[in-house]
Structures are given as C-alpha cells and as structure tokens.
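Hello,

Here is the structure I am handing over to you. My notes on it follow below.

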Amino acid sequence: MRLKLILLATAAALAGAGPAHAERGADGHVNVIYWQAPSILNPFLSGGTKDIESASLVIEPLAGYDEKGVLFPRLAESIPTVENGGVSADLTTITWKLKPGLLWSDGTPVTSADVVFSWEYCTHPEGGCAQLGAFEGVKTVEAVDDLTVKVTFDAQKPVPYGPFVGGQSPIIQKAQFADCLGTKAPECTAANFGPIGTGPFKVVDFKTNDVIQLEANPHYRDPAKPAFATMTFKGGGDAAAAGRAVLETGEFDYAWNLQLAPDVLKGMAAAGKGEAMSAFGTLVERIEMNLTDPSPSLPEGERSTAKHPHPILSDLKVRKALSMAIDRALLVEVGYGQAGRPTCNIVPAPAMFASDNTDCLKQDIEGAKALLTEAGWVPGPDGVRVKDGMRLKLLYQTSVNAVRQDFQALIKQWWSEIGVETELKSIDASVYFGADPGSPDTFQRFYADVEMYANNFNGTDPQAYLASYTCEKAPKPETQWQGENINRYCDPAYDALVAELGKTADLTKRTEIAKKLNEMLTKETYTIVPLVDRGRVSARSNSLGGVVLNTWDTELWNAADWYRIK
Amino acid sequence: MLTFTLRRLLLSIPTLLAISLVIFLILELAPGDPVASMPLTIPPEVREKIRESLGLGAPFHVRYLLWLKAFFVTEPLHALDALLGTDFAAGSQRILSFQSRSPVFDIIAERLPQTLTVVGMAYLIGVLIAVPIGIISAYRQYSWFDQIGTLIAMLGYSVPTFFTGVLLIVVFSVHLGWFPSIYDTTLVVDSWDSFLLQVRQMTLPVAVLALYNAAQISRFMRASMLDNLHQDYVRTARAKGMGERVVVFVHVLRNSMIPVVTVVALGVPGVFGGAIITEQVFKVNGLGQLLITAIYGNDVPMVQTLTFIFAILIVLFNLVADVLYGLLDPRIRYD
C-alpha cells in the first residue's frame with residue numbers, strides 16, 4: 001500500500017499539477033450549492049432537475065452521456081449496439097449486461113432483478129412516475145440471467161437508449177423499494193429520501209428542500225474513488241447568492257446553473273476565487289408563431305384551433321419578415337453573455353444533427369420591410385402596416401422573467417421599425433407552463449399571436465422532440481389543450497418524414513432526416529423562430545479539480561473524479 | 001377569567017374552520033399547477049398521470065374534507081403514536097407534500113427549531129433592546145438620545161430586510177470575511193467550538209431581524225410612555241414625594257406596557273411563521289423558507305397546512321394578549 005502510494009505520489013508529482021488520485025476519501029470535504037433545493041432523491045417521483053441531479057450522486061443508470069454527448073457505460077459492461085449483437089437486427093430488443101461484481105452501498109450485489117424492478121416501479125399505473133417518458137414503447141423488461149437484462153419494444157426502435165440511460169432513468173434497489181409500488185410510493189419517505197445506490201456517494205442525512213449530507217460509498221466500483229470523503233449539498237436561495245458563495249466568499253466549491261446577467265457574473269468572477277464555466281446543449285429560446293386564429297371574437301372552443309387559420313401569420317412572408325427584423329447577436333449580448341449564442345435551429349446540437357442553417361443571423365430591417373410590402377401590407381398613417389383594413393398588430397406573450405422581458409422590449413422595438421405593432425404580455429411561469437385546461441394563459445392554449453419560451457430534449461437523439469410537431473399533437477379542446485405542437489403546425493410531408501425517421505436506423509440517414517425536419521420548421525416555414533442557443537453556466541472554486549461541465553446528462557455526472565487541487 | 005378563556009376557545013373553533021375553508025378556496029381558485037415547474041421534456045400524458053397520483057383528480061370538496069380529516073384526526077393520532085408507541089393511525093393517509101411526497105408535519109417539525117432559534121432570538125433581542133430605548137427616549141424626549149433612537153428606528157423600520165440582509169453579507173462576508181453568508185443547517189452544537197460557530201452564523205440574520213423588530217417595538221414603547229408621563233396620576237405620585245425611579249418604573253412603565261404587550265404578543269405568531277425574506281437571504285432552513293418554496297412549487301398541501309397553523313397561532317395569541325391585559329391592569333375584568 002505504501003509503495004503504491006509513493007508510486008502514485010511520484011506519478012502525480014511528475015504530472016505536474018495533475019490530480020493526486022491517492023485513495024478514496026483522501027481529499028476531505030466538498031461543498032456543492034444548488035440554488036433550487038432538492039425535494040426528494042427519487043427522480044421517479046419528481047421531474048425537477050435539482051432532484052434528478054442530486055440523486056445522480058447516489059443512484060446511477062446503466063449508461064450515461066459524457067460531455068460530448070457520447071454514450072458511455074456506467075453499470076453496464078458496454079453499450080449494446082447492432083454491431084456487437086446487443087441490439088437485435090430488427091431493432092426491437094436491446095440486451096444490457098451488468099458489470100460483474102457490482103455492489104449496492106449496503107454491500108448487497110446488484111442484479112438484473114433490480115433493473116427489471118426499476119421498470120416495474122416507474123411503469124406502475126398508479127405510481128405517477130415522472131420519468132415514464134423514458135419507457136415509452138417498452139413492451140417488457142426481463143432478466144435473462146443474474147447480470148443480463150433484455151428490453152423488448154413493441155415496435156422498431158432505431159435509438160433504443162431511452163430506458164435506463166441518463167440521470168432520468170436510474171436503477172433503484174429492489175430490496176429497498178419492493179413495498180413502495182404504485183400508490184404506496186409516497187409512503188416510503190425513508191427510501192425516497194435516502195435511496196441505496198451504486199454511485200460514488202451515499203446519503204447520510206437528507207433535509208428536504210434544504211441540504212443533503214453525503215459520504216463516499218464504501219462499495220463504489222472504483223476503489224480509488226471518490227477522492228472526497230464527504231459532501232455537503234446545499235440547496236435554496238437564488239442564483240446570485242450561489243454565485244457569490246463560490247466566486248466571492250469561497251464558502252462553496254461548486255454552484256449550479258448561474259442564470260445571472262452577464263455583467264453580474266463578470267463582477268463576481270473578478271474576485272478571483274473561482275471560475276464560471278459554460279457549455280452548450282440543446283436548449284433553445286425561441287419565438288413560436290400561432291398558425292391558428294387566437295382572436296377573442298371567435299367562440300370558445302374554436303379559438304386557436306385548426307378551424308380558423310391565423311389572419312396574419314398564415315402568410316409565410318410575414319413570418320419570415322418578423323424573423324429577419326431580429327438581431328440575435330444583440331439579444332445574446334443583453335441576456336446571456338457567455339451562456340448564449342445566436343442560432344437559427346431548434347436542434348442546435350449534437351453537431352451531427354445540427355443543420356448549417358445560418359440565414360437568420362444577420363438582421364435585415366430593409367429586407368423585412370420589402371417582404372411585408374410584397375405580402376400586401378402597406379404602411380398606414382401611423383406607421384403601422386395595414387392590409388384590407390386590418391392592422392398588423394400582434395400579441396406577444398411569454399413568462400415573467402427579467403431576460404424575457406428585455407427580449408420582448410427589444411423585439412417589439414425592431415418590429416415597430418418594420419411597421420408591426422406589438423402588444424406585450426407576460427404571465428407567471430407557474431401558470432404559463434402549468435397545464436391547467438381551464439386557464440386561458442397556458443403556453444399550450446396559446447391565446448396570443450406569438451409566444452416565447454425555451455425547450456430542449458433529453459439525450460442526444462432529437463426524434464421524439466421533432467415528432468412533437470406532427471398534426472395530431474396540436475393542443476385542442478378535445479385533448480384538454482394538451483399537446484406539444486404549440487404552433488398547430490400541420491404538414492403531411494412533415495408527418496411522413498417523422499414516420500420515416502422512426503423506422504430509420506442508419507445514423508447518417510437519421511441525421512439527414514433530422515436536419516430536414518429542423519429546416520422545415522425553421523428556415524422553410526418560419527413556424528418556429530429560434531433566437532438563442534442557451535448554454536449552462538456553472539461555477540467552480542479554484543481548488544476543485546476534475547470538473548467537466550456536461551449538458552447532455554446530469555451536471556454531477558463525474559463527481560467521482562472530482563478532487564482537491566492542493 | 002377561566003370562563004372567558006373557555007368561551008373564547010370554543011368560539012375560535014368555527015372561526016378556524018371558516019379560515020381553513022377560505023385558505024383552501026383561495027388556493028383552489030388561484031392559478032398554478034404543481035407540475036408547471038417540471039422540465040418541458042416530460043410529455044403531457046405523463047404530467048396528467050402525475051397530477052392524478054397527487055390526488056388532484058378528485059373534486060375540491062372531497063379534497064377539502066380529506067385534508068380536514070387528516071389535519072384534525074390522522075395527524076394528532078400520528079403524533080400520539082410517535083409519543084406513546086401506539087398504533088392508532090396505522091394505514092390512514094397523512095398530509096403529504098407535493099414536492100417531497102413526505103408528510104408535511106415531519107418537515108415542519110424538522111424546520112421549527114431553526115426558525116425558533118434564529119427568528120425567536122432576533123425577536124427576544126429586539127424586545128430587549130426596544131423596551132429600554134423606548135423608555136429612555138420618552139423620558140428624555142427630544143434629547144440627543146431620543147433623536148438618534150428615532151433615526152435608527154426609522155431606518156430599521158423603513159429599510160427592507162432584503163436590502164439590509166444583502167448589505168450585511170456584502171460588508172461582513174464578502175469584504176471583511178467575518179461571518180458566513182450561508183447558514184450551515186447541518187451544524188450540530190455539541191462543543192464550545194461548534195457553539196461559537198453557531199453564534200457566528202446566527203449573527204447576521206439575527207442582527208437584520210432584531211433591528212427590524214426593535215425599531216417597531218421601540219416606537220410603540222416610546223409613544224405609550226409619553227401618553228402616560230403626562231397623566232395626572234404621575235403628577236400625584238411625584239407630589240406624594242416618590243422618587244423618579246419609582247414613578248417611572250412602577251407607575252408609568254406598568255401602565256405603558258399594556259399596548260406594548262399586545263404588540264409583542266401578536267408578534268409571536270410571526271416568529272413561528274419565520275422570516276420569509278431573511279431566511280431566504282441567509283438560507284436558514286426555517287418555516288418561512290419552507291413556505292416560500294412551497295408557494296413557488298405550487299405545493300398546495302404544504303401551503304394550506306402552514307398557513308392554517310399560522311392562523312391557529314394568531315387566534316391563540318390574540319387570546320393570550322387579552323388575558324395578559326387582565327393581569328397587567330386589574331381594572332380590566334372579562335367576567
């Protein structure tokens with residue numbers, strides 16, 4: 001042991017300031033702050049990012065995504081593919097093999113029964129599992145032997161990496177949760193607050209909406225990790241206070257998701273105690289055009305439905321002109337700084353799926369004016385364009401959020417320059433993003449002409465995301481206004497292409513289709529007007545090493561590799 | 001006095017029931033959705049299932065009656081079970097938080113000590129500072145002490161705690177580094193060192209709240225003392241040859257305390273309610289912070305239960321204030 005230590009120490013010394021991976025727990029204590037406090041450590045019972053990410057320190061999936069969006073095995077031995085026989089040739093089954101010798105933090109072995117149980121737990125009809133989406137299309141999950149699990153889908157699944165992949169779909173211990181199925185799930189408070197896991201840390205104490213105390217998992221599969229013996233995971237407050245605690249006072253080592261004004265962040269980083277890191281994923285702030293008429297003069301039940309096309313926005317030229325008038329670079333500068341970049345795509349990443357569409361990046365006020373004139377909208381006496389007695393007036397809604405209100409004001413200004421009158425409306429986020437079918441202010445109901453919000457997709461494959469713009473997914477009264485096709489976009493060609501994507505396994509072919517779908521929604525129809533590709537900014541103290549910011553999976557994906565820079 | 005107390009207690013039952021219904025209806029009618037804060041990547045069908053599993057599928061009167069039953073029957077039985085080790089409440093549904101899916105009362109029990117130590121200490125210190133300041137300010141009206149006291153009270157009363165809190169953090173945590181900016185809720189006080197740490201981390205939040213409380217109470221104290229100092233009985237006492245000490249502390253102070261006691265007693269439920277803003281600023285895991293996160297998360301059972309507990313405390317401390325009147329002023333009799 002001593003010899004090994006000396007060797008390691010020498011190696012570390014030779015490597016310069018490299019990590020001194022001495023042994024588990026050698027680096028003492030680490031402090032992490034999330035300004036949203038974790039409520040529960042069972043991601044199946046909560047959709048919140050804070051809960052999924054904090055739980056990812058303790059419970060793990062079979063495979064995860066690294067910082068480049070590439071799948072890597074966690075509990076699995078390798079990633080099953082068609083080539084290695086893990087995915088069946090007809091694309092309906094995937095067979096995972098667990099690493100041999102894995103132990104839960106209580107010392108019992110991890111078996112395929114735990115994996116099967118995790119599926120049963122989430123898919124129980126009365127459980128209200130928040131991660132049910134990961135198991136969409138799964139027919140059965142069966143244990144072939146102690147270490148092998150076979151997932152069968154009810155149809156072809158070209159990308160079978162939904163179940164048990166990523167922080168949203170972890171493996172929980174059957175022995176601990178066996179009595180917690182269905183309606184009993186919330187009664188198992190002890191298990192929900194302290195799941196037994198395979199991750200680098202285990203829970204010592206959990207105070208809901210406040211703090212988690214963790215210690216190194218004695219049975220973690222890599223005997224040298226994690227370097228930290230204990231961790232305090234504090235939650236609550238606001239992004240500014242969290243940034244201050246890492247960058248200015250140095251009380252904490254890592255702060256998550258600092259959505260702060262660019263100059264505020266710069267001021268904090270100037271204190272020199274840490275650095276703000278940024279990375280980009282798939283989150284895009286966009287303006288969505290309503291292709292149906294939201295006019296209050298229509299009877300309830302017909303407003304904002306396919307029955308009445310939008311009197312102004314049905315015209316492609318108008319939509320295009322509205323996009324051309326926007327200066328995306330300025331929006332980024334005002335709202336996001338290093339955490340944003342202009343984009344014209346709703347699928348901005350991974351690189352292979354991102355279209356090279358950059359048409360929208362340059363603001364073109366004159367071009368927009370010409371296009372509106374061409375469409376028959378001519379300037380009226382007060383500068384607002386009119387056509388057949390109708391004024392070019394739009395209602396532009398979004399959620400209450402300082403950056404979004406800045407964006408609204410800027411865009412309203414640019415639109416007024418091209419002769420569009422804009423009325424602004426901001427709605428409290430809990431109402432806007434709530435799905436109350438009785439509320440007229442939800443983003444699905446879309447009782448406005450244009451609206452702004454941000455959306456992204458899980459993992460690296462955009463199929464499900466692009467499939468949400470098919471005709472039948474439009475929110476309407478018959479579906480209680482549920483549905484993801486907010487714009488009520490409906491193009492049979494698009495639907496056919498989505499269906500084709502669902503059947504295509506070849507990756508090159510998939511990227512082509514995905515790019516085409518992305519372009520159909522953006523530069524070909526301007527149904528969706530992307531504005532900013534929003535990155536993630538998190539901060540680490542200068543003494544915390546090994547941090548790699550990852551937007552494809554939980555941010556704490558490699559906490560096992562973190563160490564103290566001495 | 002006893003019959004008065006009993007009568008008031010009985011009368012408070014319908015009052016509280018009405019309050020609970022009003023709270024429930026307000027929350028019911030308020031817009032908002034517990035799944036709204038979840039990522040948009042969760043599909044609508046799944047959201048609907050989550051909503052159902054939270055019990056939101058049932059009509060509102062059913063949910064209200066279930067909540068009443070849980071609050072008045074299940075939870076007390078459960079507390080009894082925990083105390084005596086019995087098994088009365090087995091199998092019955094407790095009030096569960098939407099956010100953490102755990103019993104609301106367990107979370108409240110976990111949070112209460114922090115609120116009582118920080119907010120309670122601040123209240124105590126506030127009162128202890130305010131009463132002498134009020135007395136001296138009134139006795140030496142328009143002296144330099146009174147002027148400075150008035151200035152500080154005005155500042156303390158009018159500057160909001162979210163400003164003073166952040167100001168103190170910037171000065172004492174960021175620039176001087178004397179006190180932590182984040183309250184360590186995991187600290188266990190078991191030694192002299194940890195006690196000192198606890199005192200250090202309590203200093204800033206307690207200072208912010210004590211200033212605010214002291215400002216308010218010292219103004220009441222001063223006004224009430226001034227009212228009494230010019231009364232005839234004070235002149236009589238002085239004419240009888242009593243010393244200033246006896247006149248001020250026995251005659252005037254006791255009479256002046258009546259309105260101040262009301263204010264202090266009515267402020268006590270506020271202590272339990274926590275200090276929403278200050279707790280949030282310093283990240284003290286008290287009841288105020290619990291309430292605000294529950295409101296943000298549309299955690300209806302938590303908000304409902306907490307606000308109702310506050311309502312009970314307010315009704316209760318109104319009664320306490322009334323009873324204390326009788327003790328301070330023998331002329332006041334309720335029978």
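Is Arg235(B) buried or exposed? Arg235(B) is exposed, with a relative accessible area of 56% (buried means under 20%, exposed over 50%, partly exposed in between; 1.4 Å probe, protein chains only).

This is a predicted model, in which local features need pLDDT of at least 70, side-chain atom pairs count only at pLDDT 80 or more, and totals for chains, interfaces and linings use all residues. Residues are numbered from 1 along each chain as its sequence is written, chains are lettered from A and ligands numbered from 1 in the order in which they are written, and side-chain values use heavy atoms, leaving out hydrogens and water.

The mean pLDDT (the predictor's confidence in each residue, from 0 to 100) of chain A is 90, and 96% of its residues reach 70 or more.

The whole structure holds 36 salt bridges over all chains (a side-chain nitrogen of Lys or Arg within 4 Å of a carboxyl oxygen of Asp or Glu). One of them joins Arg235(B) to Asp232(B), with the closest N and O atoms 3.6 Å apart. Asp232(B) is exposed too, at 52%.

In chain A, Glu288(A) pairs with Arg286(A) in a salt bridge, at 2.8 Å between the closest N and O atoms. Glu288(A) is buried at 0% relative accessibility, and Arg286(A) is also buried at 0%.

Arg341(A) and Asp533(A) form another salt bridge, with 3.1 Å between the closest N and O atoms. Arg341(A) is partly exposed at 38%, whereas Asp533(A) is buried at 2%.

Regards
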